[in-house]
Amino acid sequence: MTNKLIRAGLALAGFAALQSSATAAAKAKPTFTEDIAPIIYNNCTECHRDGQAAPFTLRTYSDVKKRARLISKVTQDGYMPPWHPVEGHGKFVDERRLTADELATLKNWHKSGMAEGPADKLPEPPQFASDWLLGKPDLIVQMPKAYTVKADGPDIYRNFVIPLDLKEEKWVAGFEVRPSARAVLHHVILRIDQTGESRKADGAKGTPGFSGMRGIGRSARGSRRGGSNDVFSGSLGGLGGWAVGGTPRILPLGLARKLPAGADIVLNSHFHPSGKEEDEQTTIGLYFTDKKPERTLIGFQIPPVFGSISGLDIPAGESNYELASKFTTPVAIDLIGVGAHMHYIGHTAKATATLPDGTVKPLFYIDDWDFNWQGRYTYDKPLRLPAGTTVEGSVTFDNSDANPHNPFNPPRRIKWGLESTDEMGSVIFSAVPANEADLDEFNAAVRDHVIDEARLMAERRLGERAGGGRSGRGGNIANRLEQFRNRRPGSNSGSRLGGDWRGRLGARLKELDKNNNGEIEPDEIDDRSRRTIRFIDTNKDGRVSKEELSRISGR
Amino acid sequence: MLAALLALACAWPGALAAPAKAKPVITDIDGKIHSPFASAKTKAVVFLFLLRDCPVSNVYAPEITRIHGDYAKKGVALYLVHPARDTDAKAARAHAKEYKLSAPIVLDHDHKLTRLAKVEVTPEAAVFDGKGRLVYRGRIDNLYADFGKKRFKPTRRDLRDTLDALLAGKRLAKRTTEAIGCYIDFSNDKKNDK
């Protein structure tokens with residue numbers, strides 16, 4: 001595999017060199033062969049060719065000429081090439097941006113009548129040697145059955161299990177997604193399920209796959225704490241994602257994500273109906289490392305809390321609802337990648353780091369979130385954050401009728417949930433401790449951040465119940481919003497929680513302990529408490545032990 | 001085939017210049033001749049402009065066929081128009097089969113019809129009333145707010161609203177909306193086509 005990777009790397013490096021030489025000052029009357037072909041070849045043809053996802057080919061003069069106006073328009077608008085992070089907030093590999101010169105050249109070519117130019121000036125069209133951009137994969141797997149995407153209707157989000165039945169664990173350094181119906185498959189997030197729940201759900205209602213996020217991201221009972229498949233590590237058990245136009249990449253620093261023995265891959269797929277019925281049966285090529293990597297990739301997300309406990313509750317019509325949180329790393333880390341996750345009404349996602357010396361580093365910014373493009377971005381080189389750096393993350397939502405992505409017209413109140421018309425939101429990072437010896441400390445900090453935030457939210461909910469009975473919905477929303485807006489999160493310690501939250505939470509938990517043995521057994525957990533308990537039951541064995549209870553009341 | 005195209009090219013400009021008197025003839029890719037304005041039952045004539053390889057235009061295929069089904073029996077004559085030179089009758093037929101399009105198909109390689117309706121985008125609709133007056137040109141509905149900004153479902157269905165109004169006997173002033181989609185290529189048109 002190594003040789004292939006080097007070759008792929010060289011090819012890409014050559015590509016990058018070509019690109020930088022293409023930025024001459026914009027001519028008033030550019031020609032195809034001299035000015036336009038280099039831009040198109042370097043930025044468009046990789047997807048706009050036969051067998052790839054883009055809807056039409058952009059290679060020859062006539063291909064490009066007949067779409068000159070469209071190309072000029074969508075590049076000026078920033079719709080193409082698809083690239084969503086705002087410049088100046090992190091530098092990433094495979095950035096697809098056109099320079100101001102290139103934009104002007106495309107525009108001028110359309111305006112000036114699309115001259116062809118001298119034939120001998122035409123650069124060599126790009127060659128795409130292999131079907132697999134990273135060479136032959138170590139393991140090729142496919143959805144067992146094709147899923148039929150209807151001709152029209154709203155976009156479809158659906159999960160499909162690819163059973164692997166691996167006898168031993170593998171380490172995934174990269175993967176490539178190959179759709180069978182490229183016009184309809186827009187993006188895929190690869191998740192891992194060790195519970196077997198997804199396998200049960202898949203096809204249970206007659207058609208392949210299942211909706212929602214059931215069973216996804218949960219590690220098997222007793223799996224090693226802090227593994228990259230641990231939900232508390234924030235990676236949601238994933239291998240990463242792919243969207244139309246995405247270039248498959250091998251993780252830097254020899255890193256790899258763990259694929260445990262017996263785990264299933266779950267494709268979380270997003271389809272655009274294309275106007276005709278199409279069958280999709282996705283193929284995935286996986287690239288493994290030979291052995292367990294020396295450094296451990298940890299995912300974390302800000303805000304860290306998933307679940308209804310996150311308090312996400314967006315009133316109908318609210319155009320700028322914010323969720324924000326901070327995380328301070330106790331050890332030096334290298335950020336490897338970043339992305340965001342929100343659903344339809346997500347609007348912005350932003351993260352900045354404040355270093356111990358006060359330097360502020362912008363890490364990531366999407367100013368016009370589009371659920372269609374849930375890219376994960378890899379920093380061009382790992383970004384070192386010294387111990388004591390605080391990473392701030394915030395996501396905003398636009399639940400007004402001015403947001404064309406709003407699934408409801410007129411807008412409705414939208415709460416946290418797993419279906420795509422519910423909401424959730426975080427900036428998601430992957431990182432490695434600068435020293436592998438700091439792994440446990442970093443993991444513990446990530447976990448504490450989650451538990452802390454969960455407690456804060458639980459407290460808020462319990463407080464509401466105690467104060468306002470069951471009203472928590474209508475009248476309190478304004479207050480809750482105020483709390484969100486004004487909240488100035490402090491350190492990662494539990495000190496943010498004001499009042500006698502421990503007493504109240506403790507009392508509530510004590511009520512559940514019907515047999516008074518100091519533990520909460522599975523049959524003592526009622527439906528109303530189940531969601532809260534998930535965050536207190538830190539080892540996820542389905543019960544709250546004395547130790548877990550004492551952590552709540554004593555820390 | 002050629003004769004059919006000529007018939008179309010010749011019949012239309014005259015028809016629109018003097019809509020009340022002319023009997024415009026439209027010849028589809030199967031050679032069938034249509035005279036929508038000849039019948040007193042015709043309440044509206046719709047031209048829907050498509051490009052085979054325009055994804056936005058293709059996304060609309062099921063809705064176009066539904067509109068055809070819903071309105072054809074009520075006195076609305078609907079024609080699908082291909083303005084692209086590289087779409088010949090065979091390609092248009094294959095495309096219609098692939099996307100289950102039901103309405104008659106017309107080729108407009110010299111863009112006479114396209115220019116007459118002042119259409120520049122696909123998919124875009126031009127609606128004429130029974131007397132041959134252009135009453136609406138623009139989007140089918142507002143499913144797309146912009147490139148890549150697709151709504152869950154449209155909140156305005158401009159083409160259907162226009163047809164409903166005509167069928168209700170309303171006299172409409174000309175209305176236009178902006179259609180989101182692919183631009184039609186006019187760059188190969190001969191000077192005297194314009």
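**Notes on the predicted model**

1. Domains of chain A. Domains 1 and 3 of chain A touch: 10 residues of domain 1 and 14 residues of domain 3 take part. On the domain 1 side of that contact, 5 residues are nonpolar, 4 are polar and 1 is charged. Keep in mind throughout that this is a predicted model.

2. Contact between the chains. How many residues of chain A are in contact with chain B? There are 22, and they meet 23 residues of chain B. On the chain A side, helix α4 (residues 68–76) gives the most, with 3 residues. By class, that side of chain A has 11 nonpolar, 4 polar and 7 charged residues.

3. The largest core. In soluble globular proteins, nonpolar side chains tend to be buried together. Here the largest nonpolar core has 79 residues. Those with the most contacts inside this core are V172(A), F175(A), L335(A), V338(A), A340(A), V427(A) and A431(A). Helix α7 (residues 439–468) of chain A supplies the largest share, 8 residues. Domain 2 (139–288) and domain 3 (298–449 + 482–492) of chain A each give at least three residues to this core.

4. A340(A) and a separate core. Take A340(A) as one of the core residues with the most contacts. Beyond its neighbours within four places in sequence, A340(A) is in contact with A349(A), I366(A), W369(A), V395(A), S426(A), V427(A) and I428(A). Another core, of 68 residues, lies apart from the largest one. Among its members are I36(A), F37(B), F128(B) and Y144(B).

5. An open sheet in chain A. Four strands form this sheet, in the order β11-β20-β14-β17, with antiparallel pairing. Which strands sit at the edges? They are β11 (298–302) and β17 (376–385) of chain A, each of which pairs on one side only. From one strand to the next, the twist averages 30 degrees. Within the sheet, β14 (residues 333–342) and β20 (residues 425–433) of chain A run antiparallel and are joined by 9 bridges. In this pair, G337(A) stands opposite S430(A) of β20(A).

6. Helix α2 of chain A. This helix (residues 32–43) is mostly covered, with 10 of its 12 residues buried. The buried set is F32(A), D35(A), I36(A), A37(A), P38(A), I39(A), I40(A), Y41(A), N42(A) and N43(A). Of these, I36(A) also belongs to the core of 68 residues.

7. Strand β4 of chain B. Is β4(B) (residues 76–82) mostly covered or mostly open? It is mostly covered: 7 of its 7 residues are buried. One face has V76(B), L78(B), L80(B) and H82(B), and the other has A77(B), Y79(B) and V81(B). Strand β3 (residues 44–49) of chain B runs parallel to β4(B) and is joined to it by 6 bridges. There, V45(B) stands opposite A77(B). Strand β5 (residues 105–107) of chain B also pairs with β4(B) in the parallel sense, over 3 bridges. In that pairing, H82(B) stands opposite L107(B).

8. Cis peptides. Most residues other than glycine have a negative phi, and most peptide bonds are trans. The bond between I302(A) and P303(A) is cis, with omega about -10 degrees. P303(A) is found in the loop between β11 and β12 (313–314) of chain A. N409(A) and P410(A) are also joined by a cis bond, with omega about 0 degrees. P410(A) is in the loop between β18 (390–397) and β19 (414–415) of chain A.

9. Positive phi. D165(A) is not a glycine, yet its phi is positive, about 50 degrees. D165(A) is in the loop between β3 (156–163) and β4 (170–178) of chain A. Why does D165(A) count as exposed? Because it has 8 C-beta neighbours inside 10 Å, and the cut-off for exposed is 12 or fewer. K100(B), another residue other than glycine, has phi near 55 degrees. K100(B) lies in the loop between α4 (89–98) and β5 of chain B. With 14 C-beta neighbours inside 10 Å, K100(B) counts as partly exposed.

Key
Residues are numbered from 1 along each chain as its sequence is written. Chains are lettered from A and ligands numbered from 1 in the order in which they are written. This is a predicted model: local features need pLDDT of at least 70, side-chain atom pairs count only at pLDDT 80 or more; totals for chains, interfaces and linings use all residues. Two residues are in contact if their C-beta atoms, placed from the backbone, lie within 7 Å. Helices (H or I, at least four residues) and strands (E, at least two) are DSSP runs, numbered from the N terminus. Ala, Val, Leu, Ile, Met, Phe, Trp, Tyr, Cys and Pro count as nonpolar, Asp, Glu, Lys and Arg as charged, and the others, Gly among them, as polar. A nonpolar core is a set of buried Ala, Val, Leu, Ile, Met, Phe, Trp, Tyr and Cys residues joined through C-beta atoms within 7 Å. A residue is buried if 20 or more other C-beta atoms lie within 10 Å of its own, exposed if 12 or fewer, and partly exposed in between; C-beta atoms are placed from the backbone. Domain bounds come from an automatic or database domain assignment. Two strands pair if DSSP finds at least two bridges between them. Axes are lines fitted to C-alpha atoms, for helices over the stretch in contact, and angles run from 0 to 180 degrees between N-to-C directions.
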